[in-house]
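I opened a new notebook page for this one.

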Amino acid sequence: VEYFGVSERHVGDPLAAHGAFNSALAREPENGDAMLGCVQSLLALHRFGSAEQCAHTATIHRAGLRAQTLEAVASNDGQVETRRDEIIELLRTHLVERPGDTRARDRLAKHLLGAARFTDAGEVAPTSGPLRELVDWATLTAAGQHQAAYRLKKEISARSARPSRFAPTSDLVRYIQCLNYSTGPANALEALRSSRPRRMSLNEQRLRHKLAVDLQLASGNVGHLVDHRSTYRTPTSRAELAFRAAIEGRNVLVVGPSPHHRPTELDRRWADVVVTTQSPPLAGPEHSRITYVTDGTVRTNDAFYRSTLDGDPQQLLVLRPSVLRHHAPSALDHSAVRVMPTEDSTTLMGTHFAIQRILYDVLAYSPSSVRLAGIDFFLGDESHVAGYRVDSDTSVVPPSFNYSHDVAYDFWYTKTLLEHGLVDSVPAIRGILDGSLEAYLTALRWRPVPST
């Protein structure tokens, strides 16, 4: 019966799988695999309360089951950060019981990274492989050793081997990303075009095409990005039309969250539309106003939309598709809430900051011109959360804030857009981007963050 449950789960019938696993548990209450299957099928059915109760009453592997359940529940509710310590302790307990569970050990290392506990993550992570490389790179970045972090990532990327034509598409994507990082977009694009993969599904073909489009943007060619945008369907069609009307053929002022290099009054007069990460936006009644929700922990429900939009007919909110893990139907019911048709550039290595995501999205809609202000690439005296978060938190970002972000690639990407005339900026930002990447990494000074 247990194996019947496994079969049902794999063919996409979690309800039948749950019934089969329950039958197995009735016969063998100590069957750990059946208990795990029962929990997983309940999670697939979004019956999170029942899954938690089932995991809590387990007689074996209880900590592991509770950790897995809590991860799924917290991810669904957007509460991973607030419940991370609890997940960590459950995983530690589970590994005492089952020290050979390498998947649980890897998950623990990733959660320790998320908690900025770099020394602990280094002790848990394997001695080699992608996770070890991620821990080493994140640790260097958090400690402010950006030149060393950049060299390490280039070395890792250069070691990537071309996959066979029968390998999964994900292997090709990773190889092209690494080639782009180590040798540049021109070489990566040539390698992509020369690859001869096996027969691909429609989604795999679209992903391959998107890789090519993103590499062309990284080379300064935006035309393919504009053409490619029309191939995506959007779940928020009314807001999509409003966004296109606000951007197409107009002067767009993109204002970042930094207290440095703010737009002048002349910049505001020049702009037709103000795009920002702040709420309310820094715009007047003569502007269209677009706010990107960049805080992934926001509970994007009806109350959030009402309070943020505040009945302003000129304002649009923009969400990344990944934010819709939480309360997706709420977003689809609001004509002033737009979901980006695609997350952002496939080839941008690391999780780049909000401004780079915004530039990628805006450029796909053929603006007349784009001007950048309010971003200092972390070279200012202080970096603030205000503007990245919708609650306008004014606290100072800790030095470890960017440990998961590739500041070197963010700088290079924005510099490329500026050099090819795809964006402009206020003079202070141009002064930063006119310098070399090496000069930028040398100037970027962060005090080391102690391990907690």
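**Entry 1: starting in the sheet**

I began with β3 and β4, which run parallel and are joined by 4 bridges. Strands here are DSSP runs of E with at least two residues, helices are runs of H or I with at least four, and both are numbered from the N terminus. I count two strands as paired if DSSP finds at least two bridges between them. Across this pairing, Tyr 292 stands opposite Val 318 in β4.

A note on what I am reading: this is a predicted model, where local features need pLDDT of at least 70 and side-chain atom pairs count only at pLDDT 80 or more, while totals for chains, interfaces and linings use all residues. Residues are numbered from 1 along each chain as its sequence is written, and side-chain values use heavy atoms, with hydrogens and water left out.

Buried means under 20% relative accessible area, exposed means over 50%, and partly exposed lies in between (1.4 Å probe, protein chains only).

Next I looked at β2, residues 273-276. Val 273 and Val 275 point one way, Val 274 and Thr 276 point the other way, and all are buried.

On one pairing, 4 bridges join β2 to β3 (residues 288-292), and the two run parallel. There I saw Val 273 opposite Ser 288, and Val 274 opposite Arg 289.

Then I checked β1 (residues 251-255), which also runs parallel to β2 and is joined to it by 4 bridges. Leu 253 of that pairing stands opposite Val 274. I followed the chain from β1 through helix α16 (residues 265-270) to β2, and this β-α-β crossover is right-handed. The term means that, with the strands pointing away from the viewer, the path from the first strand over the helix to the second runs clockwise.

**Entry 2: the whole sheet**

What is the order of the strands? I wrote down β5-β4-β3-β2-β1-β6-β7: 7 strands in an open sheet with parallel pairing. The edge strands are β5 (337-339) and β7 (424-425), each pairing on one side only.

Helix α19 (residues 354-363) packs on this sheet, touching β1, β2, β3, β4 (315-319), β5 and β6 (369-373). Its direction makes about 165° with that of β1. Axes are lines fitted to C-alpha atoms, for helices over the stretch in contact, and angles run from 0 to 180 degrees between N-to-C directions.

**Entry 3: the cores**

I then turned to the nonpolar cores, sets of buried Ala, Val, Leu, Ile, Met, Phe, Trp, Tyr and Cys residues joined through side-chain atoms within 4.5 Å. In soluble globular proteins, nonpolar side chains tend to be buried together. The largest core has 55 residues, and Phe 243, Ile 247, Val 254, Val 275, Ile 290 and Tyr 292 touch the most other members. Helix α20 (residues 407-419) gives the most to this core, with 7 residues. A second, separate core has 25 residues, including Leu 90 and Ala 138.

I looked up Val 254 on its own and found that the residues it touches include Val 275, Ile 358 and Leu 372, leaving out those up to four places away in sequence. Contact means heavy atoms within 4.5 Å.

**Entry 4: two loops**

Ala 116 sits in the loop between α7 and α8. Its phi is positive, about 60°, although it is not a glycine. Ala 116 counts as buried because its relative accessibility is 14%.

Arg 117 is in that loop between α7 (102-114) and α8 (118-124) too. Why does Arg 117 count as buried? Its relative accessible area is 17%. The side chains of Arg 117 and Asp 120 make a polar contact of 3.2 Å. Such a contact is a pair of N or O atoms within 3.5 Å; within protein, one must be able to donate a hydrogen and the other to accept it, and residues adjacent in sequence count only if both atoms are side-chain atoms.

His 261, in the loop between β1 and α16, also has a positive phi, near 60°. His 261 is partly exposed, at 27% relative accessible area.

**Entry 5: the chain as a whole**
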